[in-house]
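This report is an introduction for a reader who is meeting the structure for the first time. Please keep the sequence and the model in view while reading.

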Amino acid sequence: MQKIITLEPIERNKKLVLRNLLFQTNDFVLNEASFSELDNLVRILHADSTLRIRITGHTDNVGSIKANVELSEKRAKSVYDYLVRKEINADRLEYKG
């Protein structure tokens, strides 16, 4: 099976919002359904070695602020770890909850 993915140029300093990064409630392990979205990002990053990205994690508003900040940090780190495993240089990445 072949899948055609249309890429558009990325403007410098532009926010790129990834959709379909999924986690179970109150968890930071990436759901397998997230991999195709992240693999698209990996292709973009491999195509342009000058791109650097900041990964920002989010949560819902259930639970304490402290717990949600910690969870958002762990979720952002999960995305960071995935990209590093896909051979994206860690120096090009930063993450924040």
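## Overall make-up

A residue is called buried when its relative accessible area is under 20%, exposed when that area is over 50%, and partly exposed in between, using a 1.4 Å probe and protein chains only. By this definition, buried residues make up 25% of the 97 residues in the protein chain. The model is predicted, so that local features need pLDDT of at least 70 and side-chain atom pairs count only at pLDDT 80 or more, while totals for chains, interfaces and linings use all residues. Residues are numbered from 1 along each chain as its sequence is written, and side-chain values use heavy atoms, with hydrogens and water left out.

The protein chain contains 2 helices and 2 strands, where helices (H or I, at least four residues) and strands (E, at least two) are DSSP runs numbered from the N terminus. Read from the N terminus on, these elements follow the order α-β-α-β. Contact here means heavy atoms within 4.5 Å, and of the contacts in the protein chain with a separation of 6 or more, 58% are between residues 24 or more positions apart.

## Helix H2

Helix H2 (65–85) has 21 residues and spans 30 Å from its first C-alpha to its last, close to the 30 Å expected at 1.5 Å a residue; the expected span is 1.5 Å times one less than the number of residues. Its buried residues, among them Asn68, Leu71, Arg75 and Val79, pack against helix H1 (35–47), strand E1 (53–56) and E2. After H2 comes glutamate 87, whose phi is positive, near 70°.

Serine 78 belongs to helix H2 and is buried, with a relative accessible area of 13%. The side chain of serine 78 reaches the backbone oxygen of phenylalanine 28 at 2.5 Å. Not counting residues up to four places away in sequence, serine 78 touches Phe23, Phe28 and Leu30.

## Arginine 92

Arginine 92 is found in the loop between helix H2 and strand E2 (93–96). Arginine 92 is buried yet has no salt bridge, and the nearest side chain of opposite charge, that of aspartate 48, is 5.8 Å away; a salt bridge needs a side-chain nitrogen of Lys or Arg within 4 Å of a carboxyl oxygen of Asp or Glu.

A polar atom of the arginine 92 side chain lies 2.8 Å from the backbone oxygen of leucine 51. Leaving aside neighbours within four places in sequence, arginine 92 is in contact with several residues, including Leu45, Asp48, Leu51 and Ile53.

Note on methods
Lys and Arg count as positive and Asp and Glu as negative; His and the chain ends are not counted. A polar contact is a pair of N or O atoms within 3.5 Å; within protein, one must be able to donate a hydrogen and the other to accept it, and residues adjacent in sequence count only if both atoms are side-chain atoms.
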